[in-house]
Amino acid sequence: MIIGNRYFDTRNNTYIMGILNVTPDSFSDGGKYNTLDAALFHVEEMIADGADIIDIGGESTRPGYTMISEEEEIARTAPMIAAIKERFDVPLSIDTYKSKVAAAAVEAGVDMINDAWGLKYDENMAKVICDSGKACCLMHNREKAEYTDFFSELQSDLQGILKTAKQAGIASQKVMIDPGIGFGKTYPQNLEVICRLRELQQWGYPVMLGASRKSVIGLTLDLPVDERVEGTLVTTVFAAENSCAFVRVHDVKENARAIRMIEAILNYETAKLVK
């Protein structure tokens, strides 16, 4: 898969997507990086720590979040994208479900569109992605965690998203999918999705796991947001063991090290030849 000017071997590696929230109210790090200097410093830090791509979000999607206007979201993200592109050679993703925000991000130089509603919120999003020629990540989401047969319906929903993308003319090699941990799912359902990650690769698309610091970890370990690093690392290692292409994380250094270790173990035959 090509994102920006970089080729990602998604069949044989697990890559790090570092999170940059330029919002005052993100569930985990709201307000820490919503000034240009702070954001640029954090991007530099994440690249040094091993981030392969940076995902920029201008609107919080935490439980109970307040939706902001497209204009405000553009004002938060587009200048950041342009500034980062001017200073760093790293692929950039925009975390938005609004087509106007995505279009502004493309104009500012973004390389990928990460849609948390999988083309279902904004009817123009698919066209914006197709016309831009950019890569995209399409996430599963529902307004309510109401299912008759959860995992079967999750798979059906994802197939519907992929069908919409294909009908809109988005090239299949530009698409990755995200099962949407923490979105429209109960605690047990989130655990089931993580446990069955490999089954979501049946259609041949790269899969991204975004479980970093989320409630599934907090509820399991009974820990607040700022103490969920170890739990996140477990999900990252499990994702790498199950051939996920990307993990979207806050703590880049720790997760990059965890991936290097598990990949060394999984590829020990190659390591023997090297040594």
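Me: Which residue lies over the face of Phe 151?

Reply: A charge counts as sitting over a ring if NZ of Lys or CZ of Arg is within 6 Å of the ring centre and within 35 degrees of the ring normal. Here Arg 196 does this, 3.9 Å from the ring centre of Phe 151. Keep in mind that this is a predicted model, where local features need pLDDT of at least 70, side-chain atom pairs count only at pLDDT 80 or more, and totals for chains, interfaces and linings use all residues. Residues are numbered from 1 along each chain as its sequence is written, and side-chain values use heavy atoms, with hydrogens and water left out.

Me: How many aromatic pairs does a search of the whole structure find?

Reply: Rings of Phe, Tyr and Trp (its six-membered ring) pair if their centres lie within 6.5 Å; planes under 30 degrees apart are stacked, over 60 edge-to-face, and the rest tilted. The search turns up 6. In one of them, Tyr 15 and Phe 246 have ring centres 5.6 Å apart and planes at 35 degrees, so that pair is tilted. Ring pairs also join Phe 8, Tyr 15 and Phe 246 into a cluster.

Me: Is Phe 246 buried or exposed?

Reply: Buried means under 20% relative accessible area, exposed over 50%, and partly exposed in between (1.4 Å probe, protein chains only). Phe 246 is buried at 0%, and Tyr 15 is buried at 9%.

Me: How many disulfides are there?

Reply: A disulfide is a pair of cysteine sulfur atoms within 2.5 Å. The search finds 0. The sulfur of Cys 130 is 9.9 Å from the closest cysteine sulfur, in Cys 136, too far for a bond.
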